[in-house]
Number of protein chains: 2
Amino acid sequence: MKLLIVDDEKLIRDVITEYANHEKFETVQASDGEEALNIIAKENIDLVVLDIMMPKMDGLTFLKEMKKVKNIPVIILSARSEEYDKLIGFDLGTDDYLTKPFSPKELIARIKAILKRSGKGLNDYYEYKTLKIDYNAHSVYINNNEIKLTPKEYELLCFFVQNENIALSREQLLSNLWGYDFFGDDRTVDTHIKMLRNNLGPYRDLIITVRGVGYKFVPNQD
Amino acid sequence: MKLLIVDDEKLIRDVITEYANHEKFETVQASDGEEALNIIAKENIDLVVLDIMMPKMDGLTFLKEMKKVKNIPVIILSARSEEYDKLIGFDLGTDDYLTKPFSPKELIARIKAILKRSGKGLNDYYEYKTLKIDYNAHSVYINNNEIKLTPKEYELLCFFVQNENIALSREQLLSNLWGYDFFGDDRTVDTHIKMLRNNLGPYRDLIITVRGVGYKFVPNQD
DNA sequence: TATTTTTTTGATATAGTTTTTATAAGGAGG
DNA sequence: CCTCCTTATAAAAACTATATCAAAAAAATA
């Protein structure tokens, strides 16, 4: 997943780059539209983060030129929100805009959303047989029917899924899901396990009791 | 918004038609230049999608004839990119070209861009059952009756629509709709959600509370 | 500037979730 | 087969998050 970051300010480019790398995206930088077009032609870019205000070739010009060649999704950074009616030709279905100043976190969220929308992987699901977790929606389905879990049950399930086939002690569960400073009873875990199992219906047996230790999540058992 | 699609290959006409209809454009087809000219004369066409290579009357001839009568914007489809130097005299301000093979998505984007440029208020709607957002008018309708939303409620709804099926935290909503530098109370979001729900009447349940997280917009639930 | 509309705040009510407590059930070892 | 220890279950109590309301503040409009 490779991003092209186009902005005339090095500082902004670097900030975005850092955040993007942190999220395991590859990145390439360009300081103006011309450079960006060259990169687009040569490299396989999945998404462009584009500042509209740039010297030399401005963002909109670049955008038009680029869209003639390739239909890569774009996130446009613009200074004021009123300006976005100027963004003629930008495909609301594919692209997105963000008004400055923006939080890098927000940008990353948008990037993920767009990549997801444009079908480039990043589908955030867990699936085992007909059990499905949609991490974005925070929903869990069995046979495409949503089963309603409370927040703790959902967290618990996600944690099990993340640690499948590993026996987790009650202490581990408590410190990971409740916080290291939680001093509650061990029965608390049991109760949540019970409720989660009930809600998992036919999949209740995926959560196996490991006597004297705790619990483990084991798909693919026969 | 009515498009005329001119191409000798039925397959291509149909593909384009399908995509265009999906975007709520009306469409008419013609298999050659002559037929196209007749349609132009009779019907009120807003944009022409034209294949240059055609038997009988070729695209360029049609183009010249048409431009004598009406100045309808045209998107030209040409087989190879080298050929477009032949397109001398075609109005780059109004028209556009696309080399085959092209992605239908790309074509739709161009169509929208051109219609927007030529001032033909492009219809930009979101629709779910009888709930309709007219993005140009900034209006929302239920059963064709306008429901009056305050600016924040409207923004909120649009943002939800853009992020359907994704649980959005109050922080995300605040930073997206209020600005990253807004340090208000979380209850602010709740209050706006409440008012939006009230205004959505029968559609109030599209906004689902995700306990411990925030809210999500979920159409198509049963 | 005055008036109206919209937004925000803070208090309270309500609904939903978590934790505790008590008891029952199940397995392991003597 | 009985006892001890662990886990399962159920229901009540404690707690937390959300919904709602009304009033104050801010913003938009006249």
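This report describes chain A of a predicted model and the residues of chains A and B that lie near two DNA strands.

## Basis of the model

Because the model is predicted, local features are given only at pLDDT of at least 70 and side-chain atom pairs count only at pLDDT 80 or more, whereas totals for chains, interfaces and linings use all residues. Residues are numbered from 1 along each chain as its sequence is written, while chains are lettered from A and ligands numbered from 1 in the order in which they are written.

## Overall make-up of chain A

Chain A has 7 helices and 12 strands, these being DSSP runs numbered from the N terminus, with helices (H or I) of at least four residues and strands (E) of at least two. Of its 222 residues, 24% count as buried; a residue is buried if 20 or more other C-beta atoms lie within 10 Å of its own, exposed if 12 or fewer, and partly exposed in between, with C-beta atoms placed from the backbone. Among the contacts in chain A with a separation of 6 or more, 52% come from residues 24 or more positions apart, two residues being in contact if their C-beta atoms, placed from the backbone, lie within 7 Å.

Strand S3 (residues 47–51) of chain A is mostly covered, as 5 of its 5 residues are buried. Leu47(A), Val49(A) and Asp51(A) point one way from S3(A), and Val48(A) and Leu50(A) point the other way. In a regular strand the side chains alternate between the two faces of the sheet. Strand S1 (residues 2–6) of chain A runs parallel to S3(A) and is joined to it by 4 bridges, where pairing requires that DSSP find at least two bridges between the strands; Val6(A) has Leu50(A) as its bridge partner in S3(A).

In H7(A), Val189(A), Ile193(A) and Leu196(A) are buried. They cover an arc of only 70° around the axis, which puts them on the same side of H7(A); the arc is that of the directions from the helix axis to the C-beta atoms. The face turned away from this buried side carries the exposed residues Arg187(A), Thr191(A), Lys194(A) and Asn198(A).

The buried residues of H7(A) pack against H5, helix H6 (170–178), strand S11 (207–210) and strand S12 (214–217) of chain A. Within S11 of chain A is Ile207(A), which is partly exposed, with 18 other C-beta atoms within 10 Å. Leaving aside its neighbours within four places in sequence, Ile207(A) is in contact with Phe160(A), Ile193(A), Leu196(A), Arg197(A), Tyr215(A) and Phe217(A). Ile207(A) and Leu196(A) are 11 residues apart in sequence and 9.1 Å apart in space, C-alpha to C-alpha.

## Surroundings of the DNA strands

Around DNA strand D there are 18 residues, the closest being Lys194(A), Thr209(A), Asp190(B), Lys194(B) and Thr209(B); a residue is near a molecule or strand if its C-beta atom, placed from the backbone, lies within 6 Å of it. Helix H7 (186–200) of chain A and helix H7 (186–200) of chain B each supply at least two residues of this surface. By class it has 2 nonpolar, 6 polar and 10 charged residues, where Ala, Val, Leu, Ile, Met, Phe, Trp, Tyr, Cys and Pro count as nonpolar, Asp, Glu, Lys and Arg as charged, and the others, Gly among them, as polar.

DNA strand C has 22 residues around it, of which Thr150(A), Lys152(A), Gly184(A), Thr150(B) and Gly184(B) come nearest. Helices H5 (151–162) and H7 of chain A, together with H5 (151–162) and H7 of chain B, each supply at least two residues of the surface near DNA strand C, which has 4 nonpolar, 8 polar and 10 charged residues.
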